[in-house]
Amino acid sequence: MSANGQKRTAIIQGKVVDENENPLQQVSVMILGKTTGVFTNDSGRFTLKVPSGKALALVFSSTGYITSQRNFFLNENETESLVVRLEKGVRELQEVTIQSDKLRMESSSLRINPKNALQLPTATGGIESLIKIFVGSNNELTSQYSVRGGNYDENLIYVNDFEIFRPYLVRQGQQEGLSFINPEMAKNVTFYNGGFQAKYGDKMSSVLDIQYKRPTKFGGSAYISLLEQGLQLEGSLKKQTVTYLIGVRNRNNQNLLSSQEIKGSYVPSSNDVQAYITWQPKEKWLFELMSNHSRTAFSLAPEFSNQTSSVLSPFFTANLGLDVYFGGGEKDEYSTAMTGVATTFQPNKNLRLKWMISHFMNREREYFDIQGAYLFGERDFDKSKPTFGSIVNPLGAGVFQNFARNRLNIEIINATHKGSYERGKHFFQWGQSLERQTIQDRLNEWELQDSAGYTLPFNPSALLMRKVIKSTASLEIIRTQGYVQDNINLSKGNNNITLQVGLRYNFNTLNQELLLQPRVQFALQPQWKQDIVFRMAAGAYHQPPLYRELRRYDGSLNETVRAQKSWQFTGGFDWNFKGWGNRPFKLQTELYYKSLYDVVPYDIDNVRIRYSGVNEAVAYTTGLEARLFGELVKDAESWISIGIMRSRENLSNDQWYNYTLDAQGKPQDSTLVQGGWVRRPTDRLFTVGMFIQDYLPTNKNFRFHMHCLYGSNMPYNIPNFVKFRNALRIDPYIRVDFGFSALLLDSEKSKRRSRNPFRNFKDMWASLEVFNVIDRANTISYLLIKDFSNNIFTIPNRLTPRLVNFKIVARW
């Protein structure tokens with residue numbers, strides 16, 4: 001082997017002693033960020049071969065002593081000798097999250113560390129931003145997500161077994177407020193992206209199961225940034241029989257929205273208060289109280305907008321622009337209140353009984369009256385001309401007015417019983433709930449459009465609106481639902497085998513429909529040298545209508561809508577292995593297929609979902625997902641997720657005529673054409689998500705976080721054109737966010753003076769975040785504009801450009 005092919009090294013040797021110069025044995029001497037290292041011998045001495053020509057750090061640690069770090073930069077074949085003195089001290093053990101074998105045996109399950117939520121550099125933050133890395137996203141302004149071809153309404157969220165609901169009238173991500181989930185209060189986060197058990201509710205796509213902490217001592221955290229501020233307190237009373245967890249948050253996206261294409265006065269605000277209190281008077285009894293109150297307000301006084309789209313074709317090339325000058329404004333308000341109480345009785349280790357009562361109240365107001373005058377045409381981008389940036393060749397002009405006075409009140413009262421019983425190889429679970437849903441709404445919405453002096457649609461004898469929705473509704477729905485489930489341990493010898501069999505039912509008084517949903521899971525962990533688990537699941541996943549599915553496009557209510565139904569099949573494996581310097585890694589892969597019927601077709605515009613209000617389609621979704629978890633550097637978890645998917649639907653009434661015209665343009669013949677299979681609104685062929693963590697080779701306290709998302713193109717629907725359903729394309733979504741963080745205060749308290757105001761703090765971090773590093777203008781939707789010749793052009797509505805955020809997080 002040549003000299004150039006050999007690794008260049010140096011030697012570090014020395015002795016580790018205590019404060020009294022006594023040698024310390026079995027002290028760990030590790031290269032920072034590596035698994036390479038040695039232990040000191042009986043004389044406290046060590047010798048370690050290290051790479052030369054690069055900066056590195058050695059970490060000296062031993063139980064009962066304060067960890068010490070030394071930095072080096074050595075030349076080839078150089079030998080460095082030193083004496084390291086360790087001071088006595090007590091360091092708090094860091095919390096370690098371990099994914100148990102039990103969770104690995106459940107199909108489509110992911111365990112997520114909630115502490116990464118505040119480290120992840122994203123515009124919205126929160127647990128949902130971590131989930132988007134796995135399932136993909138096309139909008140950084142929303143906390144909502146779509147899973148395996150489903151939409152936002154197909155996801156279940158539970159916090160301590162209480163189901164959580166979201167606002168319904170939100171049209172755009174910029175109107176959203178805080179997510180219900182407070183990551184600083186979360187202890188365990190489990191995400192199921194399909195094939196979940198019968199004990200979870202009646203949705204078709206995913207389950208997010210959150211468990212809040214039960215603290216044993218006083219503590220808390222606080223953070224402040226340009227976008228969001230929060231305070232969380234926790235503790236226990238009366239010998240830990242009472243625990244409390246309280247969180248307060250406030251969010252203001254004004255800095256984020258001021259960069260939008262529509263310029264004006266944005267005043268968004270969102271705040272919430274959460275509390276989780278437990279009381280355990282005796283070992284067998286546990287009482288829980290959970291409460292959340294949140295309010296989101298959004299007001300906008302738009303002034304003007306300059307939007308541009310390029311058209312490239314063999315026959316026509318132009319930079320098309322749209323200039324709009326606005327008047328009027330928008331004011332929205334969304335407030336929710338949720339309170340739940342639960343009692344758990346566990347008479348013995350095998351039997352557990354739980355009773356729950358919850359009340360959810362949702363109040364939404366959407367008021368806007370916006371007028372606009374627009375000019376559409378070719379925009380001049382020649383900087384040498386005085387017309388630079390102006391529209392020089394008008395193709396269309398007009399005025400419009402959008403008006404709405406919409407109100408929605410939803411109240412949900414739920415009473416639930418859950419239980420479990422373990423006997424031998426069987427673990428039985430059951431549940432029964434009764435729910436009353438009250439929905440009251442009033443929609444008063446219209447659009448007026450005037451193009452070239454004519455109102456659209458044109459009628460010389462009447463003034464017609466382009467769209468009018470006037471409707472009121474008052475519904476009371478009683479739902480009863482339940483499940484029975486048996487988890488069976490079929491293990492033989494050293495092979496770990498589990499079988500889960502369950503049945504779920506649902507009945508509601510709205511359409512008198514009874515749903516039966518059998519579900520089964522199978523997992524095998526063979527006794528191989530490789531630590532691998534094979535997982536499979538199949539079952540029925542049906543979704544009864546709640547509110548939005550009942551509304552037709554014209555605003556009328558269809559109370560006979562049946563539940564959307566699906567049969568789903570998944571199969572894959574979970575593999576733990578060592579790599580890259582003997583570090584732990586995990587690879588998860590899964591194939592899935594979903595067959596759907598009684599589907600209610602829908603369109604998505606930004607985050608607004610509009611259903612047809614009729615069960616008139618069948619659909620399918622199939623795909624492959626792979627995820628790799630690991631440590632590129634020691635003690636810093638990273639992961640990458642890749643997905644391939646195809647999602648199609650076939651409407652029962654999507655037919656049209658193709659006409660044969662004569663020389664004068666008059667139809668002479670026609671052919672009836674059936675639409676067939678088309679892309680679903682959430683269809684996306686390829687997605688990639690990454691979360692990377694790293695730190696300096698000589699200092700673990702300076703960290704780097706990178707968040708990347710890529711998603712191939714998505715369809716976008718042209719309203720009222722059956723022939724061109726979902727025919728438009730939204731360009732691929734590409735997003736890269738950076739975060740740079742520094743430890744301002746570590747967890748070692750013994751070095752702080754008694755009068756130090758930070759003497760009781762665990763740690764304090766400062767972070768600089770750069771959103772959309774590549775400054776890509778991602779598209780979320782299209783604005784459709786007609787020119788003077790009645791041709792339709794599309795102008796993209798863009799998301800946020802590059803922005804900077806600063807954040808400080810402290811824990812005590």
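# Strands, a helix and a serine

Student: Which residue stands opposite Gly220?

Tutor: Leu233 in β14 stands opposite Gly220. This model is predicted: local features need pLDDT of at least 70, side-chain atom pairs need 80 or more, and totals for chains, interfaces and linings use all residues. Numbering starts from 1 along each chain as its sequence is written, and side-chain values use heavy atoms, without hydrogens and water.

Student: How many bridges join β13 to β14?

Tutor: Six bridges join them, and the two strands run antiparallel. β13 covers residues 219–225. β14 covers residues 228–237. Strands are DSSP runs of E, at least two residues; helices are runs of H or I, at least four; both are numbered from the N terminus. Strands pair if DSSP finds at least two bridges between them.

Student: What joins β13 to β14 in the chain?

Tutor: A hairpin does, through two residues.

Student: What about β44? Which way does β13 pair with it, parallel or antiparallel?

Tutor: Antiparallel, over five bridges. β44 is residues 803–811. In this pairing, Ser225 stands opposite Lys807 in β44.

Student: And how many residues of β13 are buried?

Tutor: Five of its seven, and that makes β13 mostly covered. Buried means under 20% relative accessible area, partly exposed is in between, and exposed is over 50% (1.4 Å probe, protein chains only).

Student: New topic. Why is β12 called largely enclosed?

Tutor: Because six of its seven residues are buried. β12 runs over residues 206–212.

Student: Which way does β9 run against β12, parallel or antiparallel?

Tutor: Parallel, with five bridges joining β9 (residues 155–159) to β12. Asn155 stands opposite Ser206 in β12.

Student: How many bridges join β11 to β12?

Tutor: Six, and these two strands run antiparallel. β11 is residues 186–192. Thr190 stands opposite Asp209 in β12.

Student: Now helices. How many residues of α3 are buried?

Tutor: Nine of its nine, in residues 127–135. Among them are Glu128, Lys132 and Phe134.

Student: What follows α3?

Tutor: Gly136 does. Its phi is positive, near 90 degrees.

Student: Last one: where does Ser305 lie?

Tutor: Ser305 lies in strand β17, residues 285–312. Ser305 counts as buried, at 1% relative accessibility.

Student: Which residues does Ser305 touch?

Tutor: Leaving out residues up to four places away in sequence, Ser305 touches Glu261, Ile262, Leu322, Asp323, Val324 and Phe326. Contact here means heavy atoms within 4.5 Å.

Student: And Leu624, how accessible is that?

Tutor: Leu624 is partly exposed, at a relative accessible area of 38%. Leu624 is in strand β31, residues 617–633.
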